[in-house]
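Please look over the entry shown here. The briefing below sets out its chain contacts, helix packing and one local site.

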Amino acid sequence: MQRRKKTLRWMIGLFFTLLLALTFLSNTIQGMSLPKVSVEKPETGGLDLDVSGEGFLQSAHTAQLFPEGDWKVEKIHISKNDRVSQGDPLITFDTSSTKRTLEDEKTRYEQERIQLEKMADQLKMLLRSDDTTGVDNLKRDIEMQQLDMQMQQRKIGDLQKQITEGGMLTSPVYGVITSLNAAEGAAAGRGQPVIEIADDASGYQFSITANSDDAAMLRIGDKAKVHLDEEPRRSVEGIISEIEDEPEGGSKKITFDLKDANLQPGLKAAVSITSQSKSFGMQIPKSVLEEDNNGYYIYTVSEKDGPLGAAYYVSKTYITIKDENGDTVVTDGLMPNEQYVKESSEPISDGDRVRY
Amino acid sequence: MTAALRHIVTSFKVIFLVLIAAAILFPVVLTASNSFMSEDEISRHYDALNSGGSASAREHTAIRLIPESVTLSQFGEVLLARPKFLLHFWNSVKLTLPIILGQAVVGTLAGFAFAKLAFPGRDKLFFVYLLAMLMPFQVTLVPNYLIADKLGLLNSYGAIVFPGIFASFGVFLLRQFMMGIPDAYMEAVKIDGAGYFRAFLHIALPLAKPGIAALILLSFVDNWNMVEQPILFLTEQIRQPLSVYLANIAEGARGVAFAASVLYMTPMVLIFLYGEEHLVEGIQMSGIKG
C-alpha cells in the first residue's frame, strides 16, 4: 500500500511538473511553429514615378539623293555612316554617254542652222518673182525652223547642265550617310535613291517604352536629360515630342527629340525621368497587395496580449488605392505606424498568429 | 443456505457488479483509447456526429476502441501547439487549490465547534447550515451573483473562491466526523489543562485526518468539474477554467478533444487513487455512508 502511494505521489508530481515545464516553454514551442513574417512601415509621401529607358537615335528626316541620269558610277567618295557637310562630293558618275548625246544634239543644231541658211537663200530668190503664195509658205517654214532650233538649243542646255551638275553628286545637307545603294562600275538607275543622308538640321529622335502609370505625369514638351553612349560620355537635352499608347496596353511609347550637332543615327541614348505624383499617402509595394471580393487588402501586424504573454497577429486591412506606378501604390486606410507584412514563410490568413 | 448456493449468489453478484462497472467505465476507456488516435482518424469517424451529417451517416458511426495506428499526436497538439489548454489548466488549478485549502481550514474549525463546543443556538445554527447544504447550488446562484456584484468581485476568481471556501458541505462532513471522536478525549485534555485550541490542534485534528482527506478529495472533484459558476461569474474567455474550455474545444478541433479530456481527468484520477483509502475511511467514520 505504501509503495503504491509512493508511486502515485510520484505520478502526481510528474504530471504537474510536466505541465509546468510545458507552460514555461509554451511560447518558445509556439514560436517555432509560427509562420515567420518580415514587416515594414509604409513610407509617407507622393509616389515616385520613374520613367527610364534606352533607345537608338534616328534622324527625324532623311534626305534621299537620286542620280540625274542613268549613269554608271565612276567613283564613290564616301562610305556608309560617314559624316558629310553641305557640298561634299559623294559620287562621281561616268557621264560619257550623255556627253555623246550632247555632241549629237549640237550637230543636229548645226544641221538645222544650215537648213535655215538654205531657206533664207530660197526666200531671196522667190522675192524677186511674183510668187506671193510661195513666199508666204517659205516664211512660215523658216519660222518653224527657228522654233525647232530654239528647242534644240534648250535640249543642249539641259544636257550641259546635267553633265556639269549631275556628274558629281554632292551633299545638299549636313548629316550622316545612312544608306548607300551604289557600287563603282555598276549603273545607277534614275528611279531609286543612291544615297540617303540623315539630316542634322531635322534633328534626331528616339523612343522608349514606359509603364502607363509611371508616365502619367509626363507631358509633350517636357524636357529631359538624355545620356549618350559615347566616349567621352555626354548628355544633351531632349524634348518629349510624342506620347502614344502601345498596342498591348498598360504601357506608353514616349518619343524624345534631340537637337544637337554631332549626333549620329544609331547612337544609344538613355533617359531617366523621376517625378512625384500629386497624390499623398502611404506607399506600399504592389507585391504585398492581395485582392478579394471586397477589394484590395494587405496584412498588418498587431500586438495582442495573448493567454501567455504578448503575441503578434496578422489581420486583413482593406485599403483604397489612390495612385500607382509600376511597383508601388499610394493608399490611405492605414495608420502611419501600422506595420504591414512584406514576406511570410508560409501562407497566412486573417487572424493568424505570427512571429517576426 | 448451502455453500454451493452461496457460491452461486456471489457469482451473480460479481457478474452484476462487473456489468455495472463496465457501463460506468466504458466512456472513460473510450476516451482514453481514442486519445491515441490521430486527429485525422477522429475526424473521419466522428465527423458525421457533429457536423450535421445525414441521419444514416449518424446511424452508421461506429464507436471504435482500437486505433488504426497509435499516435501521441493529439497529446502533442494539445500540449505543444495550444498554449490555451495549458492556460486553462492553470486557471483550474488557481480556482481549485484555494477553495480546497480554505474549505479544509474553515471545515475543520467550524466542524470542531459544532461537534465539540457547547454554545447557545449551536444546533439551530447547524440546522441552517444543513438547509444551505440541501439546497441545490443553482438556487443560491442568483444571491451569490448579487453579493459578488455588491462586493465588486464579479469577473474575478474571488467570486468563485469565497463561496467555495465557505460551502456548508465541508463543515457538515467534518462535524459528522468529529462527532465520532469520543467526548472522553476532550475531557481528558481539559483536565490536563489544555484550552479549546490545543484540544483542537492536538486531539481533533490528528484524529480527523481521514475526514480532511475525504473532504479534500470530494471538494477537488467537485471544484475541478465546476462549469456553471465560471460561466456566470467570469466574462473573460481566457480566465475560464479547463472544464469550461473543454466544452468548447470539441467545436474547433474534435481531433484533440479526447486527449484534452484524458489530460483533464488525469489529476482527478491520480489524486483520487492516492486518497482512496482515506475517502472510504472518512465517509464511513463520519456516518454518512450511503
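The points that follow are grouped by topic.

This is a predicted model, in which local features need pLDDT of at least 70, side-chain atom pairs count only at pLDDT 80 or more, and totals for chains, interfaces and linings use all residues. Residues are numbered from 1 along each chain as its sequence is written, and chains are lettered from A and ligands numbered from 1 in the order in which they are written.

**Contact between the chains**

- Chain A puts 15 residues in contact with 16 residues of chain B, where contact means that C-beta atoms, placed from the backbone, lie within 7 Å.
- On the side of chain A that touches chain B, nine residues are nonpolar, four polar and two charged.
- In these classes, Ala, Val, Leu, Ile, Met, Phe, Trp, Tyr, Cys and Pro count as nonpolar, Asp, Glu, Lys and Arg as charged, and the others, Gly among them, as polar.

**Chain B overall**

- Chain B has 15 helices and zero strands; helices (H or I, at least four residues) and strands (E, at least two) are DSSP runs, numbered from the N terminus.
- Of the 290 residues in chain B, 31% are buried (20 or more other C-beta atoms within 10 Å of the residue's own, with C-beta atoms placed from the backbone; exposed is 12 or fewer, and partly exposed lies in between).
- Among contacts in chain B with a separation of 6 or more, 82% join residues 24 or more positions apart.

**Helix packing in chain B**

- The axes of H5(B) (residues 83–116) and H12(B) (residues 209–224) come within 9 Å and cross at roughly 145°.
- Axes are lines fitted to C-alpha atoms, for helices over the stretch in contact, and angles run from 0 to 180 degrees between N-to-C directions.
- The crossing of H5(B) and H12(B) is right-handed (the near helix is turned clockwise from the far one by less than a right angle; anticlockwise is left-handed).
- Residues of H5(B), including B:Leu95, B:Ile99 and B:Gln103, meet residues of H12(B), including B:Leu215, B:Ser219 and B:Phe220.
- This contact of H5(B) with H12(B) has nine nonpolar, seven polar and no charged residues.

**Helix packing in chain A**

- H2(A) (residues 96–128) and H3(A) (residues 132–166) pack at about 165°, with axes 9 Å apart.
- That angle makes H2(A) roughly antiparallel to H3(A) (over 145 degrees).
- H2(A) passes H3(A) in a left-handed crossing.
- The contact of H2(A) with H3(A) comprises 15 nonpolar, eleven polar and nine charged residues.

**A site in chain B**

- B:Leu125 lies in H6(B) (residues 122–134).
- B:Leu125 counts as partly exposed because it has 14 C-beta neighbours inside 10 Å.
- B:Phe114 is eleven residues from B:Leu125 in sequence and 8.9 Å away in space, C-alpha to C-alpha.

Conventions:
Two residues are in contact if their C-beta atoms, placed from the backbone, lie within 7 Å. Angles under 35 degrees count as roughly parallel, over 145 as roughly antiparallel, 65 to 115 as roughly perpendicular and the rest as oblique.
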